[in-house]
Amino acid sequence: MQKGVLLVNLGSPDSPTPKDVKPYLDEFLMDGRVIDVPPLLRNLLVRGIILNTRPKKSAKAYSKIWWDEGSPLIVISERFTKKLREHTKLPVALGMRYGSGSIKEGLQELADKNVDEVLLVPMYPHYAMSSYETVVVKAMEEQQKHFPDMKVTTMPAFYSSPEYIKVLGDSIAEGLKDFEYDHVLFSYHGIPERHIRKSDPTKFHCKIDGTCCSINSVAHHTCYRHQCYDTTELIKAYLGLPEEKVSTSFQSRLAGDPWLKPYTDYEFERFAKEGKTRLAVITPAFVSDCLETLEEIAMEGDEEFKEAGGESFKHISCLNDRDEWVSLMAKWILEWEEQAKLPV
Ligand SMILES: C=CC1=C(C)c2cc3[nH]c(cc4nc(cc5[nH]c(cc1n2)c(C)c5CCC(=O)O)C(CCC(=O)O)=C4C)c(C)c3C=C
Ligand SMILES: [Fe+2]
Ligand SMILES: [Fe+2]
């Protein structure tokens, strides 16, 4: 058998214009694992309401962060893939869940190199049905439809892997080195609270207020909230950060049902009002910088915090194509290749 690796990230529009943002958002938001309402209602909500206004607003935001080479998320993912290829003998392909450069194309690239055993790597540290799970389901659908002889193994969510915590922790330590801070905020992409209940296989464990998280449960394998708080705690311990100077919040909510709290933008205001005027922000739900980190946090967040009375604000970059992160992924791939061992 010939082994190979498929990395999958979220994807971006082809350009920061409403014309290209609209089809991208259409594919993204029509995914039943992202907007999880019955198909007819989803169609009405997305195509009848959201897509009338959102593409223009999103395109404006994208144009603020767009690079000469393209979308930061895509460019960074490509740089990571290129470096990773230099660290492994196996063929490595890159696919996007939405937009150009699809999962099917990634699998085809591997099939053309005679790969019939694939390690699928969703580029998300945490499990959520709207991120990790939708990648796995889409890859399995494409495999069954177009590559029936291919065997696909999935890399587990690595949010608590000690090696990942070390690499992330070291990158944060570097970011904090020359920054005097009163507080360090770990801001994760939010999801509707309903998604937590839906993903709970026991249907009764997750309480969404943290009271469940110290009780060992199979639910934690698919509890995004639990996993995010775990990453914060592990990094806090690894770096020896004082308890009172660290907290967790959730960003990027869409209007509608309640999303995971506390909300990042409310926290910015609260910290400024409480006199925590020097704020560092980490965004560990993302392995690569993207719209949600570069625009929502590094630009908008900085402005909101200072308007509320904050003095200094620092967004610490995601792992991107950092050498230690590339080396760790190459190590995990080698372990899978040689011993069928996965990080967690
Ligand atoms: C119901 C809506 C959404 C859910 C649930 C959601 C979960 C989720 N998303 C990411 C990662 C990313 N999301 C990004 C952008 C983005 N997310 C949503 C909506 C939901 N995400 C929208 C509509 C957009 C597009 C931009 C906008 O209009 O605001 C991105 C950035 C993409 C880029 O091109 O840079 C990432 C990355 C995760 C990890 C997640 C669940 C945990
Ligand atoms: Fe998102
Ligand atoms: Fe919990």
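Modeller: Let us start with one pair of residues: Val 281 stands opposite His 315 in strand 8. Strands (DSSP runs of E, at least two residues) and helices (DSSP runs of H or I, at least four residues) are numbered from the N terminus. This is a predicted model, in which local features need pLDDT of at least 70 and side-chain atom pairs count only at pLDDT 80 or more, while totals for chains, interfaces and linings use all residues. Residues are numbered from 1 along each chain as its sequence is written, and chains are lettered from A and ligands numbered from 1 in the order in which they are written.

Colleague: How many bridges join strand 7 to strand 8?

Modeller: Two strands pair if DSSP finds at least two bridges between them. Here strand 7 and strand 8 run parallel and are joined by five bridges. They belong to an open sheet of four strands, ordered 6-5-7-8 with parallel pairing. Strand 6 and strand 8 (312-316) each have a single partner strand, so one side of each has no neighbour in the sheet. On average, neighbouring strands of this sheet are turned by 25° against each other, direction ignored.

Colleague: Which helix packs on the sheet, touching strand 5 and strand 6?

Modeller: Two residues are in contact if their C-beta atoms, placed from the backbone, lie within 7 Å. Angles run from 0 to 180 degrees between N-to-C directions, and axes are lines fitted to C-alpha atoms, for helices over the stretch in contact. The helix in question is helix 8 (residues 224-239), whose direction makes about 150° with that of strand 6.

Colleague: What is the order of the other open sheet of four strands?

Modeller: Its order is 2-1-3-4, with parallel pairing. Strand 2 (92-96) and strand 4 (151-154) stand at its edges; each has a single partner strand, so one side of each is left without a neighbour in the sheet. Within this sheet, strand 1 (residues 3-9) and strand 3 (residues 117-122) pair in the parallel sense over six bridges. Leu 7 stands opposite Val 121 in strand 3. Helix 4 (residues 103-111) packs on this sheet, where strand 1, strand 2 and strand 3 are touched, and its direction makes about 165° with that of strand 2.

Colleague: Which residues of helix 9 are buried, and which are exposed?

Modeller: A residue is buried if 20 or more other C-beta atoms lie within 10 Å of its own, exposed if 12 or fewer, and partly exposed in between, with C-beta atoms placed from the backbone. In helix 9 (residues 264-273), the buried residues are Thr 264, Asp 265, Glu 267, Phe 268, Phe 271 and Ala 272. They cover an arc of only 155° around the axis (taken from the directions from the helix axis to the C-beta atoms), which puts them on the same side of helix 9. Tyr 266 and Lys 273, on the other side of helix 9, are exposed. The cover over the buried residues includes strand 5 (183-189), strand 6 (246-251), strand 7 (278-282) and helix 10 (291-307).

Colleague: Where is Ser 252 found, and what is its phi?

Modeller: Most residues other than glycine have a negative phi, and most peptide bonds are trans. Ser 252 lies in the loop between strand 6 and helix 9, and its phi is positive, near 60°. Ser 252 is buried, with 20 other C-beta atoms within 10 Å. The loop between strand 6 and helix 9 also holds Pro 262, and a cis peptide bond with omega of about 0° joins Lys 261 and Pro 262.

Colleague: Is Asn 114 buried or exposed?

Modeller: Asn 114 counts as exposed, with 10 C-beta neighbours inside 10 Å. Asn 114 is placed in the loop between helix 4 and strand 3, and it has a positive phi of about 65° although it is not a glycine.

Colleague: Which domains does the assignment of the chain give?

Modeller: Domain bounds come from an automatic or database domain assignment. That assignment gives domain 1 (3-158 + 323-339) and domain 2 (162-316). Their centres, taken over C-alpha atoms, are separated by 23 Å, and 22 residues of domain 1 are in contact with 24 residues of domain 2.
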